[in-house]
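Here is a short briefing on a protein model. Look at the structure first, then read on.

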Amino acid sequence: MTYIAKPKISHPSLPKNQLGLTTRDYEGVVSTLCAGCGHDSVTAALIQAVFELDIEPHMLAKMSGIGCSSKTPAYFVSQAHGFNSVHGRMPSVTTGAYAANRDMTYVGVSGDGDSLSIGVGQFVHAIRRNLNMCYLIENNGVYGLTKGQFSASADIGSKPKKGLPNQQEPIDPASAALALGATYIARSFSGDKEQLVPLIKGAIMHSGFSLVDVISPCVTFNDHEGSTKSYAHTREFYKHVANIDYIHPSEEIKASYAEGDAMPIHLHGGDTIVLRKVDRAYDPTSRAEAFKLLRERYNAGEITTGLLYVNDERAEMHELMHNIDTPLAQLPYEGLHPGSDELRKLQSRYR
Amino acid sequence: MKPTDTSNPEYFHKVVDCQWGCPAHTDVPEYIRMIAQGRFSDAYMENRKSNVFPGILGRVCDRPCEPACRRGRVEDKPVAICRLKRVAADHRDDISERLPKAPEQTNGKKVALLGAGCASLTVANDLAPLGYEVTIFEALDTTGGLMRTNIPSFRLPPKVLDEEIGYILDMGVDLRLGHRIDSMKDLLEEGFDAVFVGTGAPKGKNLELPGRYDSDRIHIGIDWLESVAFEHTKEIGKRVLIIGVGNTAMDCCRTSLRLGAEDVKVMARKPRGFFKASDWELEDAEEENVEILVNHSPKEFVYEDGKLAGMKFDLMDYKIDEDGRIDRGTSTGEVIIPCDDVVLAIGQDNAFPWVERDIGIEFDKWDCPVVDETTMMCSREGIFFGGDSAFGPKNIIWAVEHGHQAAISMHKYCQSEDLHDRLPMGLNLSSQKMGMHEWSYSNDYDGAVRRLMPHVDLKERFNKLDIEVELGFTAEQVVEEVERCLNCDIQTVFTEKLCIECDACIDICPVNCLTITPNGEEDEIRSRLKAPALNPEQALYVSDALPHTARVMVKDEDLCVHCGLCAERCPTGAWDMQKSTILIPYATDEAEPEQRQAAAGGSAK
C-alpha cells in the first residue's frame with residue numbers, strides 16, 4: 001500500500017485520444033493492493049484499453065463483487081459509474097444495469113474466488129443469457145484476501161506457501177465458458193500488456209458475453225517455487241496461440257497480414273479485430289477445436305493464451321428478448337408502465 | 001545498449017541537474033532539505049563548502065543551476081534555488097566556530113594572491129587552513145573586487161560582502177590594500193612559493209564612434225559603476241542611454257534611476273531573445289520602468305552647441321533562420337534619440353599591461369594568458385590564474401571554482417607533487433528507506449508554483465542608492481518553495497537480479513519514465529519507450545538482462561520526479577531510493593592527514 005497519491009504531474013508528450021484525454025485522465029485512486037500484485041497491471045491494461053477506445057468515462061460502468069480483484073474498479077476511471085456488489089453477485093447486478101441501460105459499456109472485474117466458487121452459478125447464467133459485457137477474471141489460484149488458501153482454479157500439484165499441494169481438479173474458466181456457449185473467450189497474462197490490451201479492447205467491443213481470463217499472480221501468497229500461477233511459472237509455460245489487433249472503424253485494415261495467418265472478424269459496431277494466429281492450423285471460430293486445443297495444451301502443462309474462441313453471430317441479451325433499441329432507463333414512465341387497463345387487456349388474452 | 005555504469009560517480013552526479021550545472025558543484029538538494037528542516041546554519045555551511053560566499057551568491061549568482069533544474073522541465077519554472085541560498089544566509093546563527101581555521105604554526109610556504117576578488121579569496125580560504133602564509137595584493141582600498149565595485153549596493157549590500165570576506169581574512173591573511181602590482185617580474189623576485197592572479201577583467205569595452213571623445217558625459221559602464229560605488233559620482237543627467245543589454249547594462253540603468261535620471265533607455269542592437277542579460281535582471285529593470293529599445297545599432301554621438309545632445313542609431317532588420325541563428329542585419333533607417341548621458345555597457349576585457357612578456361608567461365592571440373583548464377597554471381611554473389583573468393569574463397561562481405582548483409594545484413606545487421595527479425570525485429550511495437512505505441525525504445510531489453521575491457515598494461526604493469530591493473523570502477514562501485525541490489539526489493537505483501517483471505513500477509510512474517523492453521541501440525530504444533525520450537541531454541539508465549525474459553529495464557532520467565513510487569510499489573526491492581553524495585576533493589583533502597585535521601577546525605567535515 002502506498003501513502004502518497006500518484007502525483008498529478010504527467011509527461012508533457014503523453015498522447016491524447018479523440019476525446020482529448022490522456023491515460024492519466026482514466027486513472028483511479030492509488031491501489032491498496034500488495035506491491036507487485038498482478039491485478040495492478042491488469043488495471044493499467046484496462047486504463048490503456050478504455051483510453052484507446054475513446055470511451056467517455058460517464059458511459060462506462062465498472063462492476064465487481066468481493067475479493068482482491070474486486071477492488072480493481074476503484075483503481076481505474078474515477079469518473080465512471082461503479083458498483084461493488086455482494087460476493088459473487090456481480091453478474092446479476094450487471095444484468096439489471098444492462099437491462100435498464102443498454103447504451104453503456106459494462107466491464108466486470110472478478111476473481112477466481114468470486115467467479116468460480118461463491119459466484120459460479122451467477123457466472124454460468126450470465127454466459128447463458130449472453131449478457132453484453134466484458135467479464136474479466138483476475139486469476140491467481142488463491143484466496144489472497146484471506147491469506148492464500150487454494151481457490152477453485154488451483155492446478156493439481158500446485159504447492160502452497162505452507163501445507164500440502166492441491167489435489168482437487170481445477171475449474172478452468174475458459175473451458176467452462178466454452179462449454180456454456182460464451183461468444184468471446186480470451187486468456188492472457190498480467191505481465192504481457194502487448195497481448196492483453198487488444199484482447200480487452202476486443203472484449204469490450206464484442207457484442208455479447210466476453211470472458212478475459214487473466215493469469216494475475218498473487219505476489220504475496222502464490223509467487224513461490226512450485227506454484228503454477230507465479231510470475232516465473234507463467235512466463236515459462238505460457239504460449240500465444242492467436243493474438244489480435246483491434247481495428248477502429250476509422251482505420252483501414254493494413255494489408256501486411258500474411259494470408260492464412262491473419263483473419264479479420266467484423267464486430268457488430270463496425271469495428272474489426274484481426275486475429276494473428278501463431279498456430280496456423282488453429283481455427284478460433286470452431287468451438288470444438290478450441291475445446292480440443294485447451295485440453296491438449298493443458299495436459300501438456302502449457303498455458304494457452306490469446307483469443308481462444310470467438311462467435312459474433314449469436315444474439316446478445318437484449319436482442320434475444322427483442323427489446324427496443326432505446327435504453328429502458330430513457331423511456332418515459334408511461335412507456336414502462338402501461339397502466340392497469342392495459343394489464344387487464346393483456347390478461348384477458350389468456351383467459 | 002550496455003548496462004549503465006553507475007559505479008562512475010559522474011552518472012548519478014549528472015542526474016542532480018542543479019549540482020551538475022553549478023561550476024562549483026554545490027549540493028543544492030541537500031541544503032534545500034536542511035532549510036526545510038529549519039537548519040539554516042547547516043545549510044549555510046553546506047553551501048560554503050563549495051561556493052564560499054552563500055550570502056553574496058544568494059543574491060547575485062548567475063544561477064546556472066536554475067536553467068538546469070529538472071523542475072523547469074517537469075513544469076514551467078525551476079526551483080528558486082538562488083533565493084533559497086539567501087534564506088540560509090539570512091537566517092543562519094553565528095557560524096564563526098564552524099569555520100576552517102589556520103593552524104598556529106605555518107607550513108613555511110608563502111603564496112601571493114593578486115586582487116582581492118572572489119577568485120583570490122577562495123584560494124585564501126582553501127590554503128590558509130593548511131598553514132600557508134597568504135598575502136593578498138589589492139590595488140583598490142577595499143576588498144571584494146568586482147563584487148563591490150560593479151554590483152550596485154541595492155543588489156548586494158556592503159555588509160554582506162564584509163561579513164563573508166571577513167570570514168576568510170580572519171584566518172590570518174595578510175591583506176595589502178591600495179597595493180597595485182605594476183610588475184610581475186618585481187613580484188616574482190619577492191620570493192613567493194606560488195603566485196595566483198585573480199585580477200579579473202577590469203577593462204570595459206569602448207565604442208569608437210564619431211564624437212566619442214568630445215564629451216565627458218560618455219561613460220564606460222564598469223568604470224562608472226565603480227565610481228558610483230566609491231561615491232565619486234553622485235548624479236547623472238535626466239535622460240540616460242545605456243548601450244548594451246547585458247547584466248552590467250541592467251546595473252547601469254537601475255543605478256542611473258537612483259542618481260536622478262528620469263528617462264532611462266537601454267539600447268539593444270538585436271531583438272529580444274538575443275539579450276545577454278539574465279531574464280531575472282531584465283525583469284527587475286523593466287519593473288523599474290526602464291525602457292528597452294530593440295534593433296538599434298549605435299552610429300554616432302550627436303552634439304548641439306558643443307554639448308552632447310543625443311545619439312544616432314541605425315534601425316536594424318534581422319533575419320533569423322530555422323535554427324534560431326540571427327544574421328548581421330540590414331539598416332532600414334536612422335533615428336536620433338536625445339539624451340544627457342551615455343553609458344557604454346558592451347562587455348569587458350582582460351588586461352595585463354603589468355605582466356612582462358619575456359618572463360615565460362605565454363599569451364594567446366587575444367592577449368590572454370595560456371592557462372591549463374585543470375590545473376589553472378600558466379606556462380610558467382608556479383604562476384596560476386583564476387576567475388575572469390584566466391579565460392575572460394565569466395561569473396562569480398566560476399571564479400570560485402577556479403579558486404578551488406588553483407588552490408589544489410598550488411598546494412601540490414608547493415609540496416612538489418604532480419599537479420595532474422588529483423583526487424577523483426567520489427560517490428556515496430545510501431538507501432533512504434525508513435519503513436514499509438516511508439522514506440527519509442519528502443517524496444510527495446508538491447504542485448506549488450515558484451514563489452516570487454518580494455521587492456521594496458517602487459517609490460521607496462529610489463530614495464537612497466543602497467536600499468536593497470529584494471527583501472528575501474518570507475517564512476511562508478520558504479516553506480512552499482523548499483517543497484518544490486524534487487530531491488534529484490535521491491537516486492532511483494535498480495538491481496536487476498531482484499526484478500520479477502511484474503510491471504508495478506512501470507504502471508505507477510506518474511511521468512512514464514520506465515519501460516521493460518528488448519535491448520537495442522540507444523536511438524532506437526529512445527523511440528519505443530513508454531513515453532518517447534526526446535531529450536538527448538538526459539541519460540537512459542539501462543539495466544543488464546532481466547532474469548525472466550532477458551529484456552532490459554530502461555529509465556529515461558529526463559522527467560523523473562523522484563517520488564519513489566517505483567521503489568514503493570516494487571515487491572522485491574529491485575528499485576530502491578538511495579541518496580547520492582558527490583564527494584568533491586578540495587585542497588584540504590589533498591593534504592596530509594595531520595594538516596587536514598588542523599584545517600577542519602570546528603567544522604563538521
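In helix α2 of chain A, residues 90-100, the buried residues are A:M90, A:P91, A:T94 and A:Y98. A residue is buried if 20 or more other C-beta atoms lie within 10 Å of its own, exposed if 12 or fewer, and partly exposed in between, with C-beta atoms placed from the backbone. These four span an arc of only 90° around the axis, which puts them on the same side of α2(A). The arc is that of the directions from the helix axis to the C-beta atoms.

This is a predicted model: local features need pLDDT of at least 70, side-chain atom pairs count only at pLDDT 80 or more, and totals for chains, interfaces and linings use all residues. Residues are numbered from 1 along each chain as its sequence is written, while chains are lettered from A and ligands numbered from 1 in the order in which they are written.

**Around helix α2 of chain A**
- The cover over the buried residues of α2(A) includes the strands β1 (60-64), β3 (105-111) and β4 (133-139) of chain A.
- It also includes the helices α3 (112-116), α4 (120-129) and α9 (317-320) of chain A.
- Helices (H or I, at least four residues) and strands (E, at least two) are DSSP runs, numbered from the N terminus.

**Chain A as a whole**
- Chain A contains 11 helices and 12 strands.
- Its radius of gyration is 21 Å, close to the 20 Å that the globule rule gives for 351 residues, so chain A is as compact as a globular protein of that length.
- That radius is taken over C-alpha atoms, and the globule rule is 2.2 Å times the number of residues to the power 0.38.
- Of the 351 residues of chain A, 48% are buried.

**Chain B as a whole**
- Chain B contains 23 helices and 23 strands.
- Its radius of gyration is 26 Å, close to the 25 Å from the globule rule for 605 residues, so chain B is as compact as a globular protein of that length.
- Of the 605 residues of chain B, 47% are buried.

**Where the chains meet**
- In chain B, 30 residues are in contact with 24 residues of chain A.
- Contact means that the C-beta atoms of two residues, placed from the backbone, lie within 7 Å.
- Helices α19 (504-508) and α21 (565-569) of chain B each supply at least two residues of the side that touches chain A.
- That side of chain B has 17 nonpolar, 6 polar and 7 charged residues.
- Ala, Val, Leu, Ile, Met, Phe, Trp, Tyr, Cys and Pro count as nonpolar, Asp, Glu, Lys and Arg as charged, and the others, Gly among them, as polar.

**Nonpolar cores**
- In soluble globular proteins, nonpolar side chains tend to be buried together.
- A nonpolar core is a set of buried Ala, Val, Leu, Ile, Met, Phe, Trp, Tyr and Cys residues joined through C-beta atoms within 7 Å.
- The largest core has 138 residues, and those touching the most other members are B:I35, B:A124, B:L127, B:F196, B:F384 and B:M410.
- Helix α17 of chain B (residues 396-414) gives this core its largest share, 10 residues.
- Leaving out residues up to four places away in sequence, B:M410 touches B:V111, B:V123, B:L127, B:A194, B:F196 and B:F384.
- Another core, of 69 residues, lies apart from the largest one and includes A:F51, A:L131, A:A242 and A:L308.
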